[in-house]
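Visitor: Please give a close account of the interface between the two chains, with the criteria behind each value.

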Amino acid sequence: MKCSFCDRDAVYCKNDICYCEKHFIEYFEKKAFDTIKKYTLIDEGERIGVAVSGGKDSISLLYFLNKHSENLGIEVVGIHIDEGIKGYRDILTEYLRNFAKKNNIYLRIFRFKDVFGYTLDEALKILKETSIKPCTICGIWRRWIMNKAARELELDKIATAHNMNDEVQTLILNVLEGNFEDFLRSGPYVGIKNFDGFVPRIKPFYFHTEKETMIYALINGIRAPFAECPYIVGQIRHIVRRKLYKIENELPGFHETLLYNYLDLLPKIREKFRKKIVINRCKICGEPTSRDICRACELKLKIDNIVSTKK
Amino acid sequence: MKIKLFVEREGREREYEFNGSTVRDLLNELGFPESEFIVIVNGKIVLSNYKLKEGDYVEIVDVVSGG
């Protein structure tokens with residue numbers, strides 16, 4: 001099949017429009033720019049940190065923002081968190097390091113081991129008799145480091161590569177697990193600018209599918225190694241992700257419709273249900289939290305206690 | 001026809017005897033849903049109606065990976 005705009009072979013088709021490599025890049029980047037503009041994700045002069053895991057989505061975002069940094073008038077910094085999953089993260093970190101070096105992008109790496117004293121593998125071994133799930137501890141410690149790193153590096157915002165598929169999975173999970181606050185907090189722009197202690201998160205690829213991001217990566221020579229987190233298999237996100245793909249195969253456009261309907265409803269439900277959140281400072285680390293002790297410190301305390309009672 | 005097949009998640013290359021015609025047939029034969037994979041033939045991304053030929057080098061890349 002040919003591209004709808006020229007004589008070259010198409011690499012992607014959507015809604016009866018087909019794109020060759022060149023026109024796909026135009027389509028993809030225009031969608032990202034439209035998202036940035038519509039939701040005012042970026043202002044000129046900002047220093048943007050890209051949360052980069054080493055996978056194809058986040059490296060593509062780092063590539064995209066770096067490519068257009070002059071045009072957008074921004075400075076781009078890569079932030080990578082190595083939680084210490086052997087045989088998974090190390091492969092991605094290596095690829096990312098080389099990518100950043102080749103593209104002359106400043107990359108800062110933070111490690112769970114340095115910050116909390118344990119790699120994720122070590123923490124999970126200690127916590128094996130508790131009900132704490134790998135994704136819970138990983139997510140809490142990751143967010144804590146990201147927020148602290150953002151202030152250390154004087155970032156105005158953190159850009160993440162969450163795409164349409166990720167977002168729909170998260171919406172379903174938030175409903176399933178009763179995380180109503182998180183359900184209301186979603187969207188391409190999360191957080192409040194200049195709110196003490198919190199750095200806003202932006203998602204320029206919010207309206208791209210996972211497949212589109214992969215095609216963008218491949219066309220740009222980004223071949224991040226295939227790697228799947230060993231802890232995700234059997235976790236609820238993994239199950240939901242697979243089921244949602246099955247629905248998408250039978251009902252093409254399912255993710256897109258669900259996400260747009262959610263965004264239409266969001267302002268109305270936010271207005272009605274959002275509670276005023278009181279922000280405190282964690283008594284241990286001083287980070288902003290709605291509790292007395294933040295969840296990151298609470299987890300570290302729990303692990304430290306198990307370790308000290310075993311000694 | 002014989003093709004050379006590289007399935008990324010398997011991490012290895014193999015000879016494959018293929019009885020169909022298109023990339024879609026190949027994905028169906030292997031049990032891979034179209035929305036979750038990208039197919040690269042001889043270094044170029046192709047659509048699922050692309051007709052394969054004897055000796056083609058076919059890479060099947062997972063759209064879903066990571067955590």
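Guide: Chain A and chain B bury about 2200 Å² between them, with 56% of that on carbon and sulfur atoms; buried area is the accessible area (1.4 Å probe) that two parts lose on being put together, summed over both. On the side of chain A, A:Lys211, A:Arg223 and A:Phe226 lose the most area to chain B, together 28% of what that side buries. The model is a predicted one, in which local features need pLDDT of at least 70 and side-chain atom pairs count only at pLDDT 80 or more, while totals for chains, interfaces and linings use all residues. Residues are numbered from 1 along each chain as its sequence is written, chains are lettered from A and ligands numbered from 1 in the order in which they are written, and side-chain values use heavy atoms, with hydrogens and water left out.

In terms of contact (heavy atoms within 4.5 Å), 25 residues of chain A meet 21 residues of chain B. Two salt bridges are found across this interface, the criterion being a side-chain nitrogen of Lys or Arg within 4 Å of a carboxyl oxygen of Asp or Glu. A:Arg242 forms a salt bridge with B:Glu36, their closest N and O atoms being 2.9 Å apart. The elements of chain A that give two or more residues to the side touching chain B are S1, H10 and H11; helices (H or I, at least four residues) and strands (E, at least two) are DSSP runs, numbered from the N terminus. H10(A) supplies the largest share of that side, six residues. By class, the side of chain A that touches chain B has 16 nonpolar, one polar and eight charged residues; Ala, Val, Leu, Ile, Met, Phe, Trp, Tyr, Cys and Pro count as nonpolar, Asp, Glu, Lys and Arg as charged, and the others, Gly among them, as polar.

Within chain A, A:Lys67 forms a salt bridge with A:Glu29, the closest N and O atoms being 2.8 Å apart. This pair links distant parts of the chain, 38 residues apart: A:Lys67 lies in helix H2 (residues 56–67) and A:Glu29 in helix H1 (residues 21–38) of chain A.
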